[in-house]
Number of protein chains: 2
Amino acid sequence: MNASSWVFPLRLPPPSLRDNTADADRLAAALRREIGAEVRLPLELLYDLPAVLRAADWRVRCALFREGDGWIATGVFPGEEGPSPLGAAVDLGTTRVALRLLELSSGRVLAEEGFDNPQAAIGPDILTRIHHAANPGGLEALAGGIRKALNDALCGLLAAHGREARELTHLAVAGNTAMTHLFLGLDPGRMIREPYLPVVNRPGLIAARDLGLTAAPAARVFVFPNIGSYFGGDLIAGVLFSGLHRRAEPAILVDVGTNAEVVLGCRDWMIGCAGAAGPALEGGMSRIGMTAAPGAIDRVRIDPATGALSFHTIGEVAPRGICGSGMIDLAACLFRAGWIDARGRFVPAACGDRLLGQEGDRLLLVPADRSGTGEDLTLGQAEIDSLIRSKAAMYTILETLCLSVGLDLEEIGTFFVAGSFGCFIDPRSAATIGMLPALPAERFLPLGNSSLEGASLVLARPEHLEEIPCLRDRITYLELNVNADFMNRFSAAKFLPHTDAARFSAPADGGPR
Amino acid sequence: MNASSWVFPLRLPPPSLRDNTADADRLAAALRREIGAEVRLPLELLYDLPAVLRAADWRVRCALFREGDGWIATGVFPGEEGPSPLGAAVDLGTTRVALRLLELSSGRVLAEEGFDNPQAAIGPDILTRIHHAANPGGLEALAGGIRKALNDALCGLLAAHGREARELTHLAVAGNTAMTHLFLGLDPGRMIREPYLPVVNRPGLIAARDLGLTAAPAARVFVFPNIGSYFGGDLIAGVLFSGLHRRAEPAILVDVGTNAEVVLGCRDWMIGCAGAAGPALEGGMSRIGMTAAPGAIDRVRIDPATGALSFHTIGEVAPRGICGSGMIDLAACLFRAGWIDARGRFVPAACGDRLLGQEGDRLLLVPADRSGTGEDLTLGQAEIDSLIRSKAAMYTILETLCLSVGLDLEEIGTFFVAGSFGCFIDPRSAATIGMLPALPAERFLPLGNSSLEGASLVLARPEHLEEIPCLRDRITYLELNVNADFMNRFSAAKFLPHTDAARFSAPADGGPR
């Protein structure tokens, strides 16, 4: 069957001596008539079932979810009409977790919220957390922390909208493979050692109560599948949201974080790839890096006449640090103005007295009296080096993917850019430093939080969930660790913009802004 | 597929950079190759999976169970060879619970044990317990009590055989509908009010941990389906064990307890029926009734010459009471000797000074100085009346079932008699009082604890589990509450042996013993 909703109003025939099948079997029979398939009714649904069935004279709304090839009932509510059962879509980010509450019957979003991933207190980056998980009690602390924080956020959202936990029957959670493992309480330790094995690729449907989440007694959590240790469910959710897998012409989806993750393809084929991009674009690792929050520099300009640096910050407050897109903008400005050379080294003659320290290896961006922290904001050589590795990794991955299918990067009509990063990035700046190809700006489409959007889609319409197994299986994963040419291309990309600078000349049709 | 075992030895291809699918998905792929179907790997199986897969170099034994139309893995153990994973078969009796530990790979029984149902402390009979379940905390106390007692017994059996809980991956539980509900924590309250609705007919597979049972983390419990409030999973298990559903010629299965439960049929059709038989054969309700335990009178004889009553007891110790089969034997002896008449009334002239009390309504069976209780064992008129109602109910159900399909009771070639009752009953005595038809003794086949045997079969071979849904659905249930003729036939059967005594004349071919 092709159900167009997760919620079904049902009218059950009332029981009689000549029709005295059990309550659960009566409901299952009505569901079979309605959707033409067997629906599993888990034990925890049965406790209240007799009362619910009788509360509105055998008329109910039943919330169903997909379980493998079958169906499972996750909630039954009195009355054919009434408030929609609820779903929660969750983007399980390494740094930030975003969640949405929505109506299952319509897909309408009721509320959205975010919170910092409390695992950051244990380790700001994934690698530290994976190592910590190997300590006694470490995995439990990481899993318990994120589950409790998510549960608190869910309860808060529900309360703020006057809804109850028992109305929440569906959850969809998308995260990278490590975050997903830590959320499920599975040891991610083998993901970082050759041959880089997750415990599970397709976690499927999990009982919410098994994850300690306060929801309907029979609520289930759909956990997005991953393709491997470095290609997670957040990216699968992103592909789903982008619709790349349904397009006739090849497109690219890029997601930049600690890893550069890329999918190239169309409705006929898809190829995916991921590689370590380093922490330069994540915030938190470099001295002035931060997430895209108020006070983060997100746009940089150098006046060609005066050589004055000017900044735009999120929230337009005094600058406290710089986010990933700001970092790209900054590097592009510095390179265009000649303050850094093709290797990313500061050019003293251009930087002048802005270079600080005995080594002259830190550039003053914002003096203490104008910064939001009361201290100088400076950019170090190491941070530029780190950014160059990141941008080189991204470009090399794009190049490798295109080469593997005999396409030229310039032939790609659409570049989806995932993440909050994608909303702020200036494609011209990214092309200036040789991170993304120099294509017309209109070919770049920012997707926002595509992981959260993909998770929301799944809860809005069953057919989106049904796309996922096929979508996932159709992506051929290109393992860079066994790709001998990759390192050569990566070395060539560690220049601004590239050893082959001709690749980044302005395109004929308008060019980058 | 038609698996011939629940346990599969598997050799997984070790991972490499070119084959680095996740551990769980590697196992699922191996299972797919082995059994040709998708197998669900529940979250709780995944915690230890990486360690188990590596402990014996990617060679494992995997225990699978049926879940709906699919499969679920309930345990993975290192090595292709090794001790078999274990199953536990449970007969969840109202009075007594019996369980068996067996090897899943061979079906070999390792141990068997029984314990008194602790719910008896709350109420000796089902009806009292159902009423108690409606009290605050009542249902939880009943469910908690039986679960804890079963868990203790399982742990004891495992320990006594040097096995561990994590080896126990499969359980199969058969009980009547009320006991099943109380075990699952489901309110049985509507079962005893028109139109007599259970909460569930087909509980299916339940996670052992959801029932508080100590077993393998992913262990699952198959709970036998029922047909209705008065036709439980114990009887389905009994039919499975009897093989009635595979026979070419019609046979009858009877199970006598508080309810008389009967199935008539063959491989082409089956019809089932149950009716309240009263407590006369259950022990515990009448003043001298007891279960079939040491000290229970199970055989009675009256010397035709001297009129002396003699008794055989279980364990051949001093008599403490009388069990169901003893009660039938006693009533038959008294009737043959003329001590009670066709209405079951004591005949003072025949009973003589054995009749006690001012009303002369109690018959002395065993004087205090020869009884095991130090008190007189006496039989009251009320107890005989109760027995007559029980036997009338059983006979009327048999008669009604046969009439409904146009068969004569005498045409039935095989009478399976379920329960410990069936092992002890003397068919001649049962025919003397008109409880069972007067057929040659060899047509009666005692099945022993057919509920436990049926549960064991399910764990011994998957094909038996696969028979159950079809077996259950093929039984047409005859609802006596809507059968107008039933009460007339019941009234006619409340005589010894029957108002139509000719029905119980000795048959030509040897006759009852």
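This report describes the domains, the chain pairing and selected local features of a predicted model.

**Arrangement of the two chains**

In general, two copies of a chain are related by a rotation about an axis and a shift along it. Here, chain A is superposed on chain B by a rotation of 180° with 0.0 Å of shift along the axis, at an RMSD of 0.1 Å. The two copies are thus related as by a two-fold rotation axis. Within chain A, the residue that comes closest to this rotation axis is G70(A), whose C-alpha lies at 4.6 Å.

The contact between the chains takes 39 residues from chain A and 39 residues from chain B. On the side of chain A that touches chain B, the elements giving two or more residues are helix 1 (23-35), helix 2 (43-46) and helix 3 (49-55) of chain A. Helix 1 of chain A gives the most, with three residues. Because 100% of the interface residues of chain A are also interface residues in chain B, the copies meet through the same surface.

**Domains of chain A**

Chain A is divided into domain 1 (7-78), domain 2 (86-223), domain 3 (234-279 + 386-502) and domain 4 (296-380). The C-alpha centres of domain 2 of chain A and domain 3 of chain A lie 25 Å apart. Their contact takes 19 residues from domain 2 of chain A and 15 residues from domain 3 of chain A. Strand 5 (86-92), strand 6 (96-103) and strand 8 (168-175) of chain A each supply at least two residues of the side of domain 2 of chain A that touches domain 3 of chain A. Strand 8 of chain A makes the largest share of that side, five residues.

The table sets out the residue classes on two contact sides.

**A residue in helix 9 of chain A**

A350(A) lies in helix 9 (residues 348-351) of chain A. A350(A) counts as partly exposed because it has 16 C-beta neighbours inside 10 Å, whereas a buried residue would need 20 or more and an exposed one 12 or fewer. Leaving aside neighbours within four places in sequence, A350(A) is in contact with A337(A), G338(A) and W339(A). By contrast, G82(A) is 268 residues from A350(A) in sequence and 68 Å from it in space, C-alpha to C-alpha.

**Local features of chain B**

Helix 10 (residues 381-404) of chain B has 24 residues. From its first C-alpha to its last, helix 10 of chain B reaches 34 Å, close to the 34 Å expected at 1.5 Å a residue. Of its 24 residues, 18 are buried, so helix 10 of chain B is largely enclosed by the rest of the structure. G406(B), which follows helix 10 of chain B, has a positive phi near 70°.

Another positive phi, near 80°, is taken by G107(B) in the hairpin of strand 6 of chain B and strand 7 of chain B, which has five residues between the strands. Strand 6 (residues 96-103) and strand 7 (residues 109-116) of chain B run antiparallel and are joined by seven bridges. Within this pairing, L99(B) stands opposite E113(B) in strand 7 of chain B.

Conventions: Residues numbered from 1 in each chain as written. Chains lettered and ligands numbered in written order. Predicted model: local features only at pLDDT ≥ 70, side-chain atom pairs only at ≥ 80, totals over all residues. Domains from an automatic or database assignment. Contact = placed C-beta atoms within 7 Å. Helix = DSSP H or I, 4+ residues; strand = E, 2+ residues; numbered from the N terminus. Expected span 1.5 Å × (residues − 1). Least-squares fit on C-alpha atoms with pLDDT ≥ 70 in both. Pairing = 2+ DSSP bridges.
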